[in-house]
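Hi,

Here is the model I promised to pass on. Have a look, and my notes follow below.

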Amino acid sequence: MLIKGFKQDIYTCNRCKCGFCREECPSYKTFGLESYSGRGRMSIAWAVLEGKLGLTNEIAKRIYACTMCGYCSARCSMDITAVIKALREELVERGLVPPEVRDFLENTHKYGNPWKQPREKRGEWAKSTEIRPYESSDEFLYYVGYVGSYDTRGNNVAKALGKVLLEGGLSFGVLGSDEDCDGNEVNMLGERGLFQLLMEKNIQKFKKLGVKKIVTLSPHAYNAMKNEYPLYGENFEVMHYTQLLQEIIRNGKLRISKGLKARVTYHDPCFLGRYNKEYDAPREILQNIPGIELVEMGRNKEDSFCCGGGGGNFYTDFFGSGEDSPNRIRVREAYDTGAEILAVACPTCMIMLDDAVKVEGLEEKLTIRDISEIVSEVV
Amino acid sequence: MAAGKLTNWTSEKIFATLKKIVGPENVSCNKVDLIPYSRDWSLANASTIYMPDVVVRPKTTTEIAEVVRLANKERIPVVPWGGGTGLSGGALAVKGGIIIDMKGLDRIIEIDEENLTITTQTGITVQKLNEALKKHQLWWPHDPESKFASTVGAAIACDNAGTFGTKYGGSLVDYLLGIEVVLPTGDVVKFGSQAPHSVSGYPLHWLFIGSEGTLGIITQTTLRVYRLPQYRCVDIIVFDSFKSAINAGLRIIESGLDPESIHIMAKEGFIYYTKLYEVMFNKVFKPPEKMEAAMAISFAGLKDVAEFQRSMSSKIFSDAGGMVVEERELVDIFWTEKHTLSYDAGKNPWPLSQTQHKYTGIDLCVPIGKIPVLYKKYKRLLKKYNFKPATGCFMYSKRLKFAPNCIFTINVNDEDPEEVERAKKFIHELAKYSIKCGGTISSSRGVGIAVTQSLMPVEHTHLALELMKKLKHMLDPNNIMNPGKKLAD
């Protein structure tokens, strides 16, 4: 059993029970019972190892109602998220995943995205722009991901970043219909086999095209390509777009020519922040824009509260849109800062928080903007 | 939530009624949902669990009253569950029944800045309460290390320890102005008021302090709060003996100085912080050869006043043979770990981590002059029972100046039943000695189902215990409220 590899962590949690991982867990905030918290899931893992519980669909419901945001691991000496992932891998092996997860995985395998959108339409968003297909002479491969490629709101973000990169004079291109899923969510959902398949395909494709540097729109893709791909192949130089923008603003390639008078708060995406410790680049970009007053939410950086979309939940939607759903909690927190703009650096966070603003009836008071959109208006 | 297996306590009809009371999404008797409520931090074999039959998560006092009324009618045990961090098993369903997860009652009702009180539901964590108070430049100086997970209700029900007792009291008696309680019959009663002091009735709100969920469920409370201090300074002073550390602390208080916290720890506990200092700063702190105890002391308030007190205290420490720790990073590490938790200790390979052993211990309180002999007894018993100290012994000065809340700790291999039994004997013997010294078997963690429960008739007279039992029976005639705890059945 895979979780046996985590026996020491699981048993340590079982003898300690401090529960410090619980209160800020987005899943626990929504569902309320301990079984939906990091500590609760460690108890379940312990009971499975002890033979007190068998793996069932009921366990799968608790284990998959987790965004893999990493808060619990940040609050603990044990890597709770890794245990949850191992439990998911067990559930996948036994065919015990919830139908929503099964559909996500099957669709991603077949179409390269969970929404069954045709592969040939993946590059359509770029048609009306000056963004062109990747060529081996390009410095950067601009990896867009399926949210940026298919979602209408995601399209706008993808275009905005393309415009900014062009403005910065960078040579880059996109893969369009040749782009495949990066696999981060597949990995987080515990389908290691499919993840390896996607990863190997991508690595081969990138190598064939002579890719050396990759800039990603999504922190999810950034996480997979930066931390997982090197274990299986070439070491591409992978950057999240905020890191690249920070660099070209610093070296003067990208000039901010206008200001934006607004009170702005920034939401750290889990896969950029907690997973990759990049807290400064997005903030530095915003602070470089004249007129922006950057205010922090109470929970920020390592303590940031997840939007609820991670680990495939933007598709599986186990959290629903109730008052205690993570995206609504986060939007209320942002609104309480007095900010007019909630800035994000992730297309998944964008769609999750955009939905929440509407449900909360705050559209007139709080706008969700990706940093790439904000920058595209001031260069 | 799915129903799961129904048991004697929870027939289809009872389960359906519970769903109606709290909503179907807030009740479960599925084993997957019950397992996380089957253990806490208390000493037990690694495989021991106490499974409840059902867990409910109400959001209002009315819902709790209805659940309790049903339980009382059907004679089902009811166990209130807060943060689940207990060290005495107080929230475990040792006789099965209904766990009431109190954390759904997390609403703050009023922060009264003018009168310095907060009225709140009791399922909120201590940390969240203080985060809300901070927005008003206020705080509740009750500061248990479990604050990130433990609830206000549990703080009252266990009367647990915090750091700032030297100045603010440290017992819930010093904070609690009023409470709302669901009695075991399902009746809802309010005790106390917002008045800072009252002698008009029996102070029954205090009866529920340390009641460990055996007399009723505390659903709402009004607490005394304070303005946040503008400035704080902390020092650590090392001493060659516990006795000299305690005497220095007493002299500080007698001098008219007003420390907000005094925390004395044995060398073993201090090593925890010096190791972290090594890991984080790559520097080594060399304690004096003869060191037995270290004292952390803080002064807070206006900067000039706090710093003045600090300078005055340093002379007293020097006269008492103490040596002030000059390494400020080490002092900062101690304070951060103790009060805000950086988690770094756990993330590094750690000599005191729970990856190999279970941390356990006993929270005793003896007259202050008896601490040195109790400490010697602890050392002797470590040898006798062959245990290594976890964080050794440490104490907070609690309850208006210098009532020591003494924790004696050991590391136990909880996967070895023989060692767990040996640990229980160790705790039992040390607790018995505490009573012999004129002390008590628990000063902050409660009795719960701890091995010390059998010492209740040693600490308390027969008539006193009988009166406690009569009181319990009067309030809880069917013995449904957290049965088997504190006073054994």
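How many residues does the contact take from chain B, and how many from chain A? Chain B puts in 34 residues and chain A 30 residues, with contact meaning that C-beta atoms, placed from the backbone, lie within 7 Å. On the side of chain B that touches chain A, α2 (31-34) and α12 (344-347) each supply at least two residues; α2(B) has the largest share, three residues. Helices here are DSSP runs (H or I, at least four residues), numbered from the N terminus. That side of chain B splits into 11 nonpolar, 13 polar and 10 charged residues (Ala, Val, Leu, Ile, Met, Phe, Trp, Tyr, Cys and Pro count as nonpolar, Asp, Glu, Lys and Arg as charged, the others, Gly among them, as polar).

A word on the source: this is a predicted model, where local features need pLDDT of at least 70 and side-chain atom pairs count only at pLDDT 80 or more, while totals for chains, interfaces and linings use all residues. Residues are numbered from 1 along each chain as its sequence is written, and chains are lettered from A and ligands numbered from 1 in the order in which they are written.

Now chain A by itself: it divides into domain 1 (2-97), domain 2 (100-247) and domain 3 (256-378), with bounds from an automatic or database domain assignment. The C-alpha centres of domains 1 and 2 of chain A are 30 Å apart. Their contact takes eight residues from domain 1 of chain A and seven residues from domain 2 of chain A. Helix α6 (residues 80-93) of chain A gives the most to the domain 1 side, five residues.

Cheers

Definitions and conventions
Contact = placed C-beta atoms within 7 Å.
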